[in-house]
Amino acid sequence: MTPRGEKLLRKELERLKTVERPRIVAAIAEARSHGDLSENAEYDAAKEEQGLCEARIKDIESKLASANIIDVSKLKTAGDLKVVFGATVTVVNADTDEEITYRIVGEDEADIEHNLISYKTPIAKGLLGKVVDDEVAIAIPRGTVTYDVIDVQYINVSDDE
């Protein structure tokens, strides 16, 4: 994952542990005070929410424990920059002349609205290893799209962007 992805996961983990977990515990206590737990929908809902919260905490902790943090801005390069995990790549659609910039990130960071695409997507897979002036045809669900790579950057993007 990228440093940004790690930071976002740590932020979410902190929120889950310090805000959500205590809120859920309070909701369970409140529901218990209403008496008979066998027919208490509030209690059941709070317990289910607690289970989901704890599962997410364990998931994030596991991901952080096994993550390789890749800061592409610190990669040493010689010659042309290749599209790699963490790189920011600008391409032009050969058919429409539409220019678009993607950043190739981990699955947890992917956000297509901000052009952050998972390295597992067809577009990212097609772009990996390419350099400026390469042309690549990529099979996507709605057909094949051809891109011309016009820029590759190794920049560290903050979580504010």
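A salt bridge is counted here when a side-chain nitrogen of Lys or Arg lies within 4 Å of a carboxyl oxygen of Asp or Glu. By this rule the count comes to 12 salt bridges, and E12, R56, D59, K63 and D108 are linked in a network of them. The structure is a predicted model, in which local features need pLDDT of at least 70 and side-chain atom pairs count only at pLDDT 80 or more, while totals for chains, interfaces and linings use all residues. Residues are numbered from 1 along each chain as its sequence is written, and side-chain values use heavy atoms, with hydrogens and water left out.

- Side chains of opposite charge can pair when their charged atoms come close.
- K17 and E61 meet through their side chains in a salt bridge of 2.7 Å, N to O, and this pair links distant parts of the chain, since K17 belongs to helix α1 (residues 3–32) and E61 to helix α2 (residues 41–66), 44 residues apart.
- Helices (H or I, at least four residues) and strands (E, at least two) are DSSP runs, numbered from the N terminus.
- D59 forms a salt bridge with K63, with the closest N and O atoms 3.3 Å apart, and these two residues, being 4 residues apart in helix α2, are separated by about one helical turn.
- K74 and D71 also meet in a salt bridge between their side chains, at 3.8 Å from N to O.

**Exposure of the paired residues**

- Buried means under 20% relative accessible area, exposed means over 50%, and partly exposed lies in between (1.4 Å probe, protein chains only).
- K17 is partly exposed at 33%, and E61 is likewise partly exposed at 33%.
- D59 is partly exposed at 30%, and K63 is partly exposed at 26%.
- K74 counts as exposed at 65%, whereas D71 counts as buried at 17%.

**Nonpolar cores**

- A nonpolar core is a set of buried Ala, Val, Leu, Ile, Met, Phe, Trp, Tyr and Cys residues joined through side-chain atoms within 4.5 Å.
- The largest such core has 20 residues, and those with the most contacts inside it are V89, V91, Y102, I123, L127, I138 and Y147.
- Two or more residues of this core come from each of β1 (88–93), β2 (99–105), α3 (122–127), β4 (135–140) and β5 (143–153), and the largest share, 4 residues, comes from β5.
- Apart from this core lies another, of 13 residues, among them M1, L13, A31 and I60.
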